[in-house]
Amino acid sequence: KKELQVAIDGPASAGKSTVAKKVASRFQYIYCDTGAMYRTVTLKAMQTNVALDDAAALATMLTDTTIEFKPGTPEQLVFLDGEEVTMAIRQPDVTNNVSTVAAQGTVREDLTNRQREIAAAGGIVMDGRDIGTSVLPDAEVKIFMIASVEERAQRRFKDNAQKGISTPIDVLRQEIETRDHKDSTRAISPLTQAADAVLLDTTSLSIDQVVDKISEIIEQKR
Ligand code: C5P
């Protein structure tokens with residue numbers, strides 16, 4: 001059996017990471033959340049007063065930055081320069097600034113290199129915005145996961161409630177639309193469906209149904 005690269009892309013709050021984690025554990029593949037990497041870089045820039053659109057300063061900052069994933073329950077833990085930032089990178093201020101940092105070419109180049117190293121041996125499920133189009137153009141399985149804005153706002157609202165974040169639902173809807181617009185219209189590797197990706201609309205599907213569909217596609221290819 002082949003150890004595949006599985007790329008899962010799509011707009012904000014489409015359920016990518018929830019599904020990607022389950023698919024990875026079903027096949028005993030590594031899971032890599034590339035959004036967490038962009039979030040971690042954003043957090044560090046905010047903490048150290050690096051301007052979020054200063055491509056050169058961000059590049060310099062990254063030469064001296066480690067981002068690590070470690071196993072944890074219920075979710076993977078994220079470490080920035082050795083300190084745990086799993087919750088900090090999910091706070092609304094990071095969420096609303098991340099697209100600005102992610103639009104900088106220097107940041108994308110640096111993180112893309114790190115992501116390719118993580119994925120090199122295969123046996124990986126990687127989720128993000130540009131995995132199928134840019135990071136892993138040769139991935140054997142590419143999924144483009146979408147859901148209606150209304151459904152995504154509701155999912156994010158429920159998610160937030162568990163984390164003790166209480167942003168009203170119409171603010172969430174607006175934030176999701178703004179972030180998708182920025183991610184889809186940036187000059188460098190914008191969010192877009194790869195020509196060879198399978199489109200999966202999850203609006204009226206359960207998590208398990210989506211996991212089953214992707215698992216079938218993996219089974220056919222390995
Ligand atoms: O997936 P998540 O919502 O955590 O991603 C946060 C942000 O990171 C996205 O809105 C996008 O700006 C950026 N991102 C990206 N490319 C990726 C993954 C995330 O630009 N591969």
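**Ground rules.** I number residues from 1 along each chain as its sequence is written. Since the model is predicted, I take local features only at pLDDT of at least 70 and side-chain atom pairs only at pLDDT 80 or more, while totals for chains, interfaces and linings use all residues. My helices (H or I, at least four residues) and strands (E, at least two) are DSSP runs, numbered from the N terminus.

**The sheet.** I looked up how the strands pair, counting two strands as paired if DSSP finds at least two bridges between them. I found an open sheet of 5 strands in the order E2-E6-E1-E7-E8, with parallel pairing. E2 and strand E8 (198-201) stand at the edges with a single partner strand each, so one side of each is left without a neighbour in the sheet. Neighbouring strands here are turned by 20° against each other on average, direction ignored; the axes behind such angles are lines fitted to C-alpha atoms, for helices over the stretch in contact, and helix angles run from 0 to 180 degrees between N-to-C directions.

**Strand E6 and its partners.** Strand E1 (residues 5-9) runs parallel to E6 and is joined to it by 5 bridges, with aspartate 9 having glycine 128 as its bridge partner. Strand E2 (residues 30-33) is also parallel to E6, through 4 bridges, and there isoleucine 30 is partnered by isoleucine 124. I then asked how covered strand E6 (residues 124-128) is, and noted that 5 of its 5 residues are buried, meaning that 20 or more other C-beta atoms, placed from the backbone, lie within 10 Å of a residue's own. Ile124, Met126 and Gly128 point one way from E6, whereas Val125 and Asp127 point the other way.

**The other end of the sheet, and a hairpin.** Strand E7 (residues 141-146) pairs in parallel with E8 over 4 bridges, and phenylalanine 144 stands opposite leucine 199. Elsewhere I noted a hairpin of E3 and E4 with 6 residues between them, its strands (residues 67-70 and residues 77-80) being antiparallel over 4 bridges.

**Helices across the sheet.** Helix H1 (residues 16-27) lies across E1, E2, E6 and E7, at about 180° to E6. Helix H9 (residues 207-221) lies across E1, E7 and E8, at about 165° to E7.

**Cores.** I looked for nonpolar cores, each a set of buried Ala, Val, Leu, Ile, Met, Phe, Trp, Tyr and Cys residues joined through C-beta atoms within 7 Å. The largest has 29 residues, and among those with the most contacts inside it are Val6, Val23 and Ile143. E1, H1, E2, E6, helix H6 (131-135), E7 and H9 each supply at least two residues of this core. A second, separate core of 19 residues includes Val85, Ile89, Val94 and Ala102.

**Around the ligand.** Which residues come nearest to the ligand? Of the 14 around it, they are Gly35, Tyr38, Ala102, Gly128 and Arg129, a residue being near if its C-beta atom, placed from the backbone, lies within 6 Å. Helix H2 (34-47), helix H4 (92-102) and helix H8 (169-185) each supply at least two residues of this shell, and H2 gives the most, with 4 residues.

Terms used: Buried ≥ 20, exposed ≤ 12 C-beta atoms within 10 Å, placed from the backbone. Contact = placed C-beta atoms within 7 Å.
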